[in-house]
Amino acid sequence: MNDIMTDLVLRPEAPADHRVVEELTREAFWNLHVPGCDEHYLVHLMRDHPDFVPELSLVAILDGQIVGNTMTTRSRLSSDDGGELETLTVGPVTVHPKFQRRGIGRAMMARVADAGRERGFAAIILLGHPHNYVGYGFRNGKDLSISMTDGSHPFGLLALELAPGELAGRAWVVHFSEVFEVPAGLDEFDATFPPRQKQWQPSQELYAMALRAQLV
Ligand SMILES: CC(C)(COP(=O)(O)OP(=O)(O)OC[C@H]1O[C@@H](n2cnc3c(N)ncnc32)[C@H](O)[C@@H]1OP(=O)(O)O)[C@@H](O)C(=O)NCCC(=O)NCCS
């Protein structure tokens, strides 16, 4: 694992990377959460959204090839008593299937966390599979008094504090970017990629459970 870490280059995504990143995203997410996927379309739309943070949206490069990427958007926390904190949301985060479980995801997240901390963001907050993120130091939102806008505490709501202590003493609600409400247009966009079969696989059930399950 350390060998590839020595050679791994992380840098912000450039316009020439866009299609490669979309292909990579489609490759890694296809049939993972739903039959087919919409993450490559989300990546495509994100870049033009005002909440997108290009300098923290990275590609991971090995031997000149893009093998991973993170997309980063602004989010925020609010509290009933008028508290407001600027936060980041990382996702989609992708490592090419051939290179997964070798530390590339960890390296990208660490780079975004360091840069986010330097820029004064309070936390990285996302919805995802806990098993992908607890190893990076993420905790469940419930344990940091962070809920969704409807007051729920999904198992998959995860937060990494960047400014320890800043969240303490208040109950927070997270507001993700509206860019995650993916509009119509997926099928037309997907038709610009090679045809691929949509099918069910067990990971879809697991993902649905992670988002529906609540912490008490
Ligand atoms: C999730 C993803 C980005 C992680 O990147 P990665 O480079 O494979 O992850 P790392 O090698 O940095 O692993 C970091 C830690 O995450 C945990 N982890 C990652 N995948 C895991 C899995 N499937 N099951 C259990 N733990 C896992 C492990 O604790 C791992 O630590 P280890 O090195 O001690 O094994 C990558 O696997 C991927 O692209 N998956 C498909 C797309 C996806 O699911 N994206 C996230 C959406 S929620």
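A: Start with one idea: two residues are in contact if their C-beta atoms, placed from the backbone, lie within 7 Å. Keep in mind that this is a predicted model.

Q: With that idea, what share of contacts in the protein chain between residues at least 6 apart in sequence join residues at least 24 apart?
A: The share is 72%. H18 and R47 lie 29 residues apart in sequence. In space, their C-alpha atoms are 9.2 Å apart.

Q: What are the secondary structure and the overall dimensions of the protein chain?
A: Count the elements, then look at the span. The protein chain has seven helices and nine strands. Its C-alpha trace spans about 50 × 40 × 30 Å along the principal axes.

Q: What does burial look like here, and is H18 buried or partly exposed?
A: Count the C-beta atoms around a residue. A residue is buried if 20 or more other C-beta atoms lie within 10 Å of its own, and exposed if 12 or fewer. H18, in helix α2, has 13 within 10 Å, so H18 is partly exposed. Across the protein chain, buried residues make up 34% of the 216.

Q: Why is helix α3 described as largely enclosed by the rest of the structure?
A: Check its residues one by one. Helix α3 covers residues 39–46, and seven of its eight residues are buried, so the rest of the structure largely encloses it. The buried ones are E39, H40, Y41, L42, V43, H44 and M46. They pack against α2 (18–29), β3 (65–79), β4 (84–95) and α6 (186–190).

Q: Which residues have the most contacts inside the largest nonpolar core?
A: The core has 45 residues, and V112, A123, I124, I146 and A159 have the most contacts inside it. Take A159 as a case. Leaving aside neighbours within four places in sequence, A159 is in contact with A123, I124, I125, F138, R139, G141, L144 and I146.

Q: Which residues come nearest the ligand, and which elements supply the shell?
A: Begin with the residues, then ask where they sit. There are 18 residues around the ligand, and Q100, G105, R106, G128 and G135 come nearest. The elements giving two or more residues to this shell are α2, β4, α4 (104–118) and α5 (130–133). By type, the shell has six nonpolar, nine polar and three charged residues.

Note on methods: Residues numbered from 1 in each chain as written. Predicted model: local features only at pLDDT ≥ 70, side-chain atom pairs only at ≥ 80, totals over all residues. Core = buried A, V, L, I, M, F, W, Y, C linked by C-beta atoms within 7 Å. Helix = DSSP H or I, 4+ residues; strand = E, 2+ residues; numbered from the N terminus. Near = placed C-beta within 6 Å. Nonpolar A, V, L, I, M, F, W, Y, C, P; charged D, E, K, R; others polar.
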